[in-house]
Amino acid sequence: MIFSSTVFLLAFLPLTLLAYFLVPARFVTARNVVLLIASLFFYGWGEPKYILVMFFSIFFNYLLARWIEASPSKGLLALTVVGNLAILGFFKYTDFLISTINGIFGGSISLLHIALPIGISFYTFQTMSYVIDVYRGKVKAQRDLVAFATYVTLFPQLIAGPIVRYSDVAVQLKNRCSSMEQIAEGIRRFAAGFAKKVLLANQVYIIWKEISAMEAPSAAAAWLGAVAFTFQIYFDFSGYSDMAIGLGKIFGFDYLENFNYPYISKSITEFWRRWHMSLSSWFKEYVYIPLGGNRKGLPRQLLNIAVVWALTGLWHGASWNFVAWGVYFGVILIIEKLFLLRILEKAPAFVSHLYALVLIVCGWVIFAIEDLGQVGTYFSMMFGASGHLTDDAFWYYLTSRIWLLAACVIGSTHLPSRIAALLREKLASREMLLGILESAGVLALMVFSIAFLVSGSYNPFLYFRF
């Protein structure tokens, strides 16, 4: 089940909200039970057998965290980390490893064709960070199994993030309430994310899909296709994060932001401070710093950056293009660390911004195409291998989708939020009018988005595979 589906919007969510708010706010445990049951149903809608994997993860980390709190030891911590990574590795990387071995040694080991449990990368990282924080003494082990299971399974962010650390919601698992103001903000945030997904990501994907399928697009068409995917993945994933944060607010949880206008960045270093911030923060806290961070000299710091980015690429998927994507950004970040950032800081803003955008777009091409040979072919098209600067396809997609592309450009900047803030400021003294306009705006977004959803055919979330 996904957020942008009629089953979720018209059946699952209304029934869950009704059951949740029928329970008085003072009965937090009962509300947690409602969320737990709803979340398990949500997760099991498409693949019920993998609920057993989630149950194992819940009980394994719940028991180990309590054991570690009572008798802290690196051995127990290592057991927890290895156990979690073993589960993730088996489901996500077994066939990748077999294929790699077959390719290197010319073997014929049969693939196991193991289906990947949706969201396993996200909830595995959440449970690992929880146990590590218990070991470090940053949080107390949760004794309430229902509360812990609710944290792991909470459906707003279960299958595509953001990665929520236990420390960020520990208090809210025991004591929370949803004010009308918070619920209203949650609805607005959900509607904005839903519109991003359905009105922008789903529509701009068509450009990428059709251009990337062409045998020899012109350079301009190839770049337009790459830019389209750049917009698609941003509005797809940031839209999901907005919906998750909005739903969290409705149920009384405050999730941290996951995106901060990454396409306005003027360096790749800045880009990764703005993109998928919960993942970047996780790798920094639980991999980069434990490896030594920047505390052991520049050579060790550069090695740590390389390790983190190889792992970041591999986290995204069991395919060599993801490894290459991680290495690509790791190399750029190392070069920026060595000298390039100092040059970019002195360069005109439009130069550094253009530099970042070109590298970001090229990075998404590596991410989008699983076959590395085809990645090379597409890059050759981007840089003129077809022998044509433009073609009919380029002019067709540019002219027929100009308003969509313009909306994507504007939606990638602060402009919409600044206009909304300005309107709120102008109408601050007229609360009733402001409320009517905001309600009408949310309703219009939802109706328009649902209309596009019903009439469209493409509607997955790219990050479900992770």
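Predicted model: local features only at pLDDT ≥ 70, side-chain atom pairs only at ≥ 80, totals over all residues.
On a 1 Å grid over the protein atoms alone, a cavity is a set of points where a 1.4 Å probe fits but cannot get out, whereas a pocket is an open set with protein on both sides within 12 Å along at least five of seven lines; residues with an atom within 4 Å of a point count as lining. Grid points are joined across faces, edges and corners, and the space filled by probe spheres set on the points gives the volume. Residues are numbered from 1 along each chain as its sequence is written, and side-chain values use heavy atoms, with hydrogens and water left out.

The second largest pocket has a volume of about 610 Å³. Its lining comprises 19 residues, and Thr-269, Arg-273, Lys-284, Tyr-288 and Trp-309 are those that lie nearest its centre. Helices are DSSP runs (H or I, at least four residues), as are strands (E, at least two), and both are numbered from the N terminus. At least two lining residues of the second largest pocket come from each of helix H10 (268-274), helix H11 (277-288), helix H12 (298-316) and helix H13 (320-346). The most is given by H11, with 7 residues. For the classes used below, Ala, Val, Leu, Ile, Met, Phe, Trp, Tyr, Cys and Pro count as nonpolar, Asp, Glu, Lys and Arg as charged, and the others, Gly among them, as polar. On this basis the lining of the second largest pocket contains 10 nonpolar, 6 polar and 3 charged residues.

Helix H13, one of the contributors to that lining, has 27 residues and spans 36 Å from its first C-alpha to its last, close to the 39 Å expected at 1.5 Å a residue. The expected span is 1.5 Å times one less than the number of residues in the helix. A kink of about 70 degrees, centred on Phe-339, is present in H13; the bend at a residue is the angle between axes fitted to the seven residues ending there and the seven starting there.

The largest pocket has a volume of about 1,300 Å³. Of the 37 residues that line the largest pocket, Ala-192, Pro-416, Ser-417, Ala-420 and Leu-445 lie nearest its centre. Helix H8 (180-212), helix H9 (219-250), helix H17 (402-411), helix H18 (415-426) and helix H19 (431-455) each provide at least two residues of this lining, and H8 gives the most, with 9 residues. By class, the lining of the largest pocket divides into 21 nonpolar, 8 polar and 8 charged residues.

The structure also holds 1 cavity of 30 Å³ or more. The largest cavity has a volume of about 40 Å³ and is lined by Gln-126, Tyr-151, Leu-154, Gln-157, Val-164, Val-169, Leu-173, Phe-253 and Tyr-255. Its lining has 7 nonpolar and 2 polar residues, with no charged residue. Ala-213 is located in the loop between H8 and H9 and, at 61% relative accessibility, counts as exposed. Buried denotes under 20% relative accessible area, exposed over 50%, and partly exposed in between (1.4 Å probe, protein chains only).

A search of the whole structure finds 10 salt bridges, each defined as a side-chain nitrogen of Lys or Arg within 4 Å of a carboxyl oxygen of Asp or Glu. Within helix H8, Arg-188 and Glu-185 are separated by about one helical turn because they are 3 residues apart. These two residues form a salt bridge in which the closest N and O atoms are 2.9 Å apart. Arg-188 is partly exposed at 23% relative accessibility, and Glu-185 is partly exposed at 28%.

Arg-189 forms a salt bridge with Glu-257, with the closest N and O atoms 2.6 Å apart. This pair links distant parts of the chain, since Arg-189 lies in helix H8 and Glu-257 in the loop between H9 and H10, 68 residues apart. Arg-189 is buried at 17% relative accessibility, whereas Glu-257 is partly exposed at 39%. Asp-242 and Lys-196 also meet in a salt bridge, at 2.8 Å from N to O. Here too distant parts of the chain are linked, Asp-242 being in helix H9 and Lys-196 in helix H8, 46 residues apart. Asp-242 is buried at 8% relative accessibility, and Lys-196 is buried at 17%. Arg-189, Lys-196, Asp-242 and Glu-257 are linked in a network of salt bridges.
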